[in-house]
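Please keep the structure open as you read.

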Amino acid sequence: MADYVQMWKDLGMDLENHDLLCQVLPTAVGDVFLSQENRPKAMDFWDLVISEVHGIRPAELIEEQKKGRKVFGTFCVYVPDEVVIAANGIVTGLCGGSQFWVPDGEAVLPKSTCPLIKASVGARLGRTCPFFRIADMYVGETTCDGKKKAYEILGEDVPMYVMDVPQMKRPEDILKWKNEIAAFARRVEEFTGNEITPEKLNEAIQLVNAKRRALQRVYDARKSECLPISGRDALLMMQIAFFDDPARCAQMCNRLADELEDRIRDGVSVVPHGTKRILVTGTPLAVPNWKLHNIIETSGAAVVCEEMCTGTRYFENLVDETKTTLDEQFMALSERYMKTNCACFTPNTGRIDDILRMVKEYKVDGVIDCSLKFCCLYDTEKYSVSRALKEAGVPILSLETDYTDTDAEQLRTRIGAFVEMLDA
Amino acid sequence: MPDSTLRYYILFENYEQGLALHGLLDEQGLPNRIAPAPRCFKEAAACGMSLLVEEADIDAVRQCIKENRGEYRAILPLAGQLQARRDKYC
């Protein structure tokens, strides 16, 4: 562990402040994860990763940098990992899910910015996130106004590349995104010094597809009436997927899926029969944001699916693996990524179709649509989501929250009443 | 009701040492779980893993460690650590 202290020093981190974060993490992990009974044994892996979250993976990334590889820090599921991997680069998620980082973000951003953005900027400027310190380049995208402005600040001392995401999904927008991917590939080649060939890109496409299939397998297990894993554990798996090596991520998720499938066969559930099943939709839940899931699952219900960027939007839809030229592959990537239904698009009826489909697939009793404060896009979509679900006869609860603990009691009251209503 | 259960945390020099003992205890059928080392222990000098053992299992775990010369840094008791409804997040 002492090695990590030296590593953090070498990364120029604020050790004193970082230590404050290290103090609160064990309590939250204990309360949210270790208080659960009958967890899948395969969760050992994620328990280790979260216990050493600022240690093991950062150390691995630094070792790879010593070999000449470049690390790209990303913020959004729209950035195509395949392109970076094809140039022998590494993709990592960045910190942004804790109230701990918000004050440092508020020092430079308006308070009326969503906590995810404030925390991301705060983690960078406060020098308390090793991933922000390690990344050789940040890759942003234009999925919200707050992030666009934040990238201007983050790009002041680290190379920042911003991809221009279309705001509609017409054929010309899919073509535009293909061209954006091609331009990004040229920048990645230049930055890494490695050429992206059709063969390398195909390998990368297959690798990331394998990761998507593994994540899907775990989610498929959650569709069972015999629920083999809690929503909290599935969320942790999803959150870590953004940081891990993709091959290892696929391997560990497949190992977990094997166990979950055995549990279903053996009738092993983590909740009593009849526990109400909740689909959570809305803004992403970046690690270590576990408040919503923990409150739901300690209020008598179980989360069975997340229709969010830290959920189904990350892994649903595969990239066509049969294309043999870069031009065709960029188009295949564009077609896959443009199927992701983000609230930045207009119209975004695909998201409602997804939610209605998942309500059936995951045998959902009720939906909780939760957005982070000041996320205008997802907050506005609550109207159409709520209307569609009501028309379909699916109970829905719309919420807004942030990273603080101060609204936990209020959330408990509202979620508790919602679950009680589902039970009635 | 707040949790007042006494549990034991096994602390390590590094995670490789922790994983080795985790594997040994698993092999012997002794319940143990990977957990972040609580920061109230001075021995836990940085973010890092520990093994969490219930009070009922600690004697058998100690015996197993002794017999197999399992490596660790310290075994320390702590009460009231797991409170699902505490609502203190990060």
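B:Arg7 is buried, at a relative accessible area of 10%. In this predicted model, the side chain of B:Arg7 forms a salt bridge with that of B:Glu54, 3.2 Å from N to O. The pair joins distant parts of the chain, with B:Arg7 in strand S1 and B:Glu54 in strand S3 of chain B, 47 residues apart. B:Glu54 counts as partly exposed because its relative accessible area is 28%.

Now to the sheet around this pair. Strands S1 (residues 6–11) and S3 (residues 49–54) of chain B pair in the antiparallel sense over five bridges, and B:Ile10 stands opposite B:Leu51 in S3(B). Helix H2 (residues 58–68) of chain B packs on the sheet and touches S1, S3 and S4 of chain B. The open sheet has four strands in the order S2-S3-S1-S4 (chain B), with antiparallel pairing. Strands S2 (33–36) and S4 (74–79) of chain B are its edges, each pairing on one side only.

Over all chains, the structure holds 48 salt bridges. Here are three of them:

| Pair | N to O distance |
|---|---|
| A:Glu106 and A:Lys118 | 2.9 Å |
| A:Arg213 and A:Glu321 | 3.2 Å |
| B:Arg7 and B:Glu54 | 3.2 Å |

In chain A, is A:Lys118 buried or exposed? A:Lys118 is buried, with a relative accessible area of 5%, whereas A:Glu106 is partly exposed at 25% relative accessibility. A:Arg213 is partly exposed at 41% relative accessibility, and A:Glu321 is partly exposed at 26%. Finally, a network of salt bridges links A:Asp220, A:Lys223, A:Glu316, A:Asp354, A:Arg357 and A:Glu361.

Technical notes: Residues numbered from 1 in each chain as written. Chains lettered and ligands numbered in written order. Predicted model: local features only at pLDDT ≥ 70, side-chain atom pairs only at ≥ 80, totals over all residues. Heavy atoms only, no water. Pairing = 2+ DSSP bridges. Helix = DSSP H or I, 4+ residues; strand = E, 2+ residues; numbered from the N terminus. Contact = heavy atoms within 4.5 Å. Axes fitted to C-alpha atoms, helices over the stretch in contact; angles between N-to-C directions. Salt bridge = Lys/Arg side-chain N within 4 Å of Asp/Glu carboxyl O. Buried < 20%, exposed > 50% of the residue type's maximum accessible area, 1.4 Å probe, protein only.
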